[in-house]
Amino acid sequence: MDAPNKDMNSSKSTASDALPNLSSWRQYKALLRKDIAQEFRTKEMITSMGLYGMLVLVIYYIALSRTGTDFDITTIAAGLLLLMIVFTSMLGLNRSLIHEHDQGQLEALLLAPIDRPIIFLAKATTNLLFLLVVQLVVVPFFYVMFVSGSMPILMGDVTPGPWWKLAIALLLGSIGIAGIGTLLATISVNTKGRDFILAVLFIPVMFPLLLVLVAALNAVIVGGTGYEAEFWTMCAAALGFNAIVIAAAYGLYEFILGV
Amino acid sequence: MSKTAHVSDSKQAGSANAEPAVAAVPAIIAHNVSRSFGPRKALDSVSFKLPDRAFLSIFGPNGAGKTTLLKILATLLPVTGDGTAQVCGFDVKSEAEELRRRIGLISHNPLLYRDLSAEENLQFFAELYCIPNPKERIDELLEAVELKHRRYDVVRGFSRGMTQRLSIARALLPRPQVLFLDEPYSGLDPHASDILDSLIENIRDQHTFVMVSHDLDKGLDLASHALILSRGKIVLYDRCDHLDQTEFKKVYREVVGLGVS
């Protein structure tokens, strides 16, 4: 049980020469492939998020079908859409880290010679991908029901902006949700009430993004003259918010993991 | 056990993959290693040296700090205070990433993805370690752990023994210099236990092993060095050929009888 001597380090240089070079890109791709293969096999995240989103739409429809003929639903459509996306996303984000937890897989990841932010980037990318797949299914239904005017409950006389502007706003929102959500899901995954903890952390941190997103979505859905300026301003604000918080999450991930 | 193939961890000289030449210096040096969880000290100023290619068995009652020590050496937990630990000559704190390329962990938890196949699991970890020609290495390891015929089956359908064998293959993938084993025999049937024995025997002289165990006979049988921890402190540490096993077992029983605070 002696104290270490300085010459004990002598094996170091020879040991490092013979190992293969590490490639963060290769590790990132491996993490993506693994998450996608797992989801493809279990369909846990996409199915649960998709079904949940559709159920929320049904509930919206039932709840709003009795509002009367003088209520313009398009004035609240942006809020409804965001509400559905946020709660649907939280369901998926909770599950995304559980796969790394139930058999100690996160320990195996942490044991590997991989930069911790690469794990964050890969997880956030797959979460974003799954969120977009779900939105690709659910949002068109929402559009038809509450924006396009094809359903009898829509009473407003509006000219919505083009669908691709809606897609831009949703993409910006999804990037923020996936980035922050991945960080917060990592914090909450080891806690007892992880679903509750994630919700408690997620909403306050996301609050500025939710505000600008609802304004951007509202500008597109209600449309009309002068909506473009507000839409692009809000998109720029969302982009700035995403850049700041994702950079912070990237930098903090090693600290959050603890090793 | 003769069926168990030999796991070739010796590498071709001169290849990019060649095993690092490690001089006869300690593989592990722990100096005043402490770790607290809140007010509780799980490890209290633990110091020891372990020579290269040695097999250390760590014994102690539940809560003695065995797994904590293993996790600190495997870079999975940071040290509290100013203690230091070096594994393969690399500091566990400041040179963790370099060190992680040289260590493997076999735990009672398989650390595998249950929805992926045996091959997909190994392929994934091979990519994380950027192993060149991973297919060749995966074939070799699947053969060694007798799982080649189940390579395309998802791990969810594996028995405990098969999962543990695959976990061993995962740990051996990057040809680690030091292998940490956290109660690796836990829950294994006799056949799986024999395969693990055989695998360890085959690679015994190519790696340094640190094993946490509750099985005194098995642990002493494998070990070149033995260590007893109790309440986060080393009670006894010595080479097995210097130990009087009867005396050692007596000390162990006394320690276990003490329990934990």
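How many bridges join strand β4 (residues 84–87) of chain B to β5(B)? The number is 2, and the two strands run antiparallel. The legends below begin with the model as a whole and then turn to single regions.

**Figure 1. Confidence of the predicted model.** This is a predicted model, in which local features need pLDDT of at least 70, side-chain atom pairs count only at pLDDT 80 or more, and totals for chains, interfaces and linings use all residues; side-chain values use heavy atoms, with hydrogens and water left out. Residues are numbered from 1 along each chain as its sequence is written, while chains are lettered from A and ligands numbered from 1 in the order in which they are written. The model has an ipTM of 0.83 and a pTM of 0.84. The pLDDT (the predictor's confidence in each residue, from 0 to 100) averages 85 in chain B, where 89% of the residues score at least 70. Residues 1–23 of chain B have a pLDDT below 50, and this stretch makes 60 contacts in the model beyond near neighbours in sequence; contact means heavy atoms within 4.5 Å. Where pLDDT is low, the predicted coordinates should not be read in detail. Among the elements of chain B, the highest mean pLDDT, 96, belongs to helix α3 (residues 118–128) of chain B, and the lowest, 79, to helix α8 (residues 245–258) of chain B. Helices (H or I, at least four residues) and strands (E, at least two) are DSSP runs, numbered from the N terminus.

**Figure 2. The open sheet of chain B.** In chain B, 4 strands form an open sheet in the order β2-β1-β4-β5, with antiparallel pairing. Two strands pair if DSSP finds at least two bridges between them. At the edges stand β2 (40–51) and β5 (90–91) of chain B, each of which pairs on one side only. Val87(B) has Phe90(B) as its bridge partner in β5(B).

**Figure 3. Two nonpolar cores.** A nonpolar core is a set of buried Ala, Val, Leu, Ile, Met, Phe, Trp, Tyr and Cys residues joined through side-chain atoms within 4.5 Å. Buried means under 20% relative accessible area, exposed over 50%, and partly exposed in between (1.4 Å probe, protein chains only). The largest nonpolar core has 111 residues, of which Ile28(B), Phe48(B), Val87(B), Leu128(B) and Phe180(B) touch the most other members. Leaving aside neighbours within four places in sequence, the contacts of Ile28(B) include Phe48(B), Leu73(B), Val87(B), Phe180(B) and Val210(B). A second, separate core holds 56 residues, among them Met45(A), Met206(A), Leu210(A) and Cys235(A).

**Figure 4. Helix α9 of chain A.** Helix α9 (residues 227–257) of chain A has 31 residues, which at 1.5 Å a residue should span 45 Å; the end C-alpha atoms are 43 Å apart, in agreement. The expected span of a helix is 1.5 Å times one less than its number of residues. At Gly251(A), α9(A) bends by about 40 degrees, the bend being the angle between axes fitted to the seven residues ending there and the seven starting there. The buried residues of α9(A) include Phe231(A), Cys235(A), Phe241(A) and Asn242(A). Their cover includes α5 (105–111), α6 (116–147), α7 (163–188) and α8 (194–222) of chain A. Just after α9(A), Gly258(A) adopts a positive phi of about 90 degrees.

**Figure 5. Helix α3 of chain A.** The 21 residues of helix α3 (residues 44–64) of chain A should span 30 Å at 1.5 Å a residue, which agrees with end C-alpha atoms 30 Å apart. Among the buried residues of α3(A) are Met45(A), Gly50(A), Gly53(A) and Tyr60(A). Elements covering the buried residues of α3(A) include α2 (24–42), α4 (74–98) and α6 of chain A.

**Figure 6. Positive phi values in chain B.** Most residues other than glycine have a negative phi. Ser45(B), not a glycine, has a positive phi of about 50 degrees. Ser45(B) belongs to strand β2 of chain B and is partly exposed, with a relative accessible area of 40%. Thr75(B), also a residue other than glycine, has a positive phi near 65 degrees. Thr75(B) occupies the loop between α1 (66–73) and β4 of chain B and is buried, at a relative accessible area of 3%.
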